[in-house]
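The following note comments on selected features of the structure shown below. Please read each point with the sequence and the model at hand.

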Amino acid sequence: MRINVVGSGYVGTTLAASLADLGHEVTAIDIDEAVVAALNDGRAPIHEPGLDELVAEHAGGRLRATTSYDDVPAADVTFLAIQTPSREDGSIDTGALRAAAETTGEALAGGDDRHLVVVKSTVAPPSLPGVADALATGLGEPLAGDGADRVAFGANPEFLREGTAVSDFREPDKLVFGTDVDWADELLDDVFAPLLAEHDAPVVRTDPATAMTIKYANNAFLAAKVSLINDIGNACKAFGVDTYEVAEAIGLDDRIGERFLRSGLGWGGSCFPKDISALISSAEGEGYSPPMLRAAVEVNDGQPARLVAMLADHVDLDGARIAVLGLAFKPGTDDVRNSRAIPVIEALRERGATVVAYDPVATENMRERFPDLEYADSAADALDGADGAAVVTDWDEFAALDSEFDAMADPVVVDGRRVIERREGITYEGLTW
């Protein structure tokens, strides 16, 4: 099939390269000329394990990139993978997505062949009709299901985790197809047929609004599960009980499961914070305030302050030099959006500490947020002469640290991810254990 992917961020680039790997002819469309040039040169514009190899393999062949929408009509399907950032009130900004939808419609105007436009971006259900309207406005005619039968609108939410996005695409827990017309559903079947031939995942077939609600509900459950184990973990810490031992036992209950029971600093990134805020905002817009979702956010927001308070129990932070190990919101990615390192750094600086930070891949992205921060070239350099250390991201290399702590003035480590081994010569605190 011939497929367009509009937007070349984390989702769009992974989708485009993975669809090309399935055998489709894929055109990635992006307004950023540098991103387009990188893709055509065989380089992924983001750090994601396995993605560089896919882009390098298919660039110039089944994968090409452009800033133009001219070739949109020649394809069978167009996926819209445009970011939908949060506004200050928690609602999502669909302006860029609506603009892309309208431009896609304009490109399809006057054509004869059937075409399916699929929203891959995460869009709150009340905002979804606005995206469809933008597509219809550009098209200059009704969409299929509204008195027409040529251009259809659908939703196919993603469930990719940064750091494992390529493998998540190849081995999905489920696929969700949100369409209102039969032939649109059949086109999505064709798109994912090569994947389903190798990995027999369940396919959920529903309408676009329900498809997006499934995405939000999915992330809400996971975020709430992390916040619940952190709430329990904070209590366990007060009891002198190891939360991880407790979590290992309760995870054996098949009603609970072991996944997402790693207590610590909490969740960040581009999905959970934005999606939970959008779900709360959308529900409140319909007259319902969800108390459990608000509680999940409250617990999550409190974890960084608890880590800094633990450091302050052992180190006078005013004038102290503190190493912050890990800047990405999770290992395997260079994404610092809503990273727990941000509130940790801010709280340390508010207390008068000098922060030296290190991350294997995310330093340049964090430098945009904190240009005046001191950044180390290695964990050892960050620890050298430090009065304390905060472990924020559970990179594997941090688990191998040992003698490097001896270079600290008086080794004090507060571990937010249970990655450092407790040993003699270190004052060690686990955030929830």
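1. In strand 14, Glu429 is the bridge partner of Val414. Strand 13 (residues 412-415) and strand 14 run parallel and are joined by 4 bridges. Helices (H or I, at least four residues) and strands (E, at least two) are DSSP runs, numbered from the N terminus.

2. This is a predicted model, in which local features need pLDDT of at least 70 and side-chain atom pairs count only at pLDDT 80 or more, while totals for chains, interfaces and linings use all residues. Residues are numbered from 1 along each chain as its sequence is written, and side-chain values use heavy atoms, with hydrogens and water left out.

3. The open sheet has 6 strands in the order 11-10-9-12-13-14, with parallel pairing; two strands pair if DSSP finds at least two bridges between them. Strand 11 (374-375) and strand 14 (427-430) stand at the edges with a single partner strand each, so one side of each has no neighbour in the sheet.

4. Where is Ser270 found? Ser270 lies in the loop between helix 9 (243-250) and helix 10 (272-285). Ser270 counts as buried because its relative accessibility is 15% (buried means under 20% relative accessible area, exposed over 50%, partly exposed in between; 1.4 Å probe, protein chains only).

5. Leaving aside neighbours within four places in sequence, Ser270 is in contact (heavy atoms within 4.5 Å) with Glu162, Asp335 and Arg337.

6. Not counting residues up to four places away in sequence, Leu307 touches Leu265, Val344, Ala390, Val391, Val414, Gly416 and Leu431.
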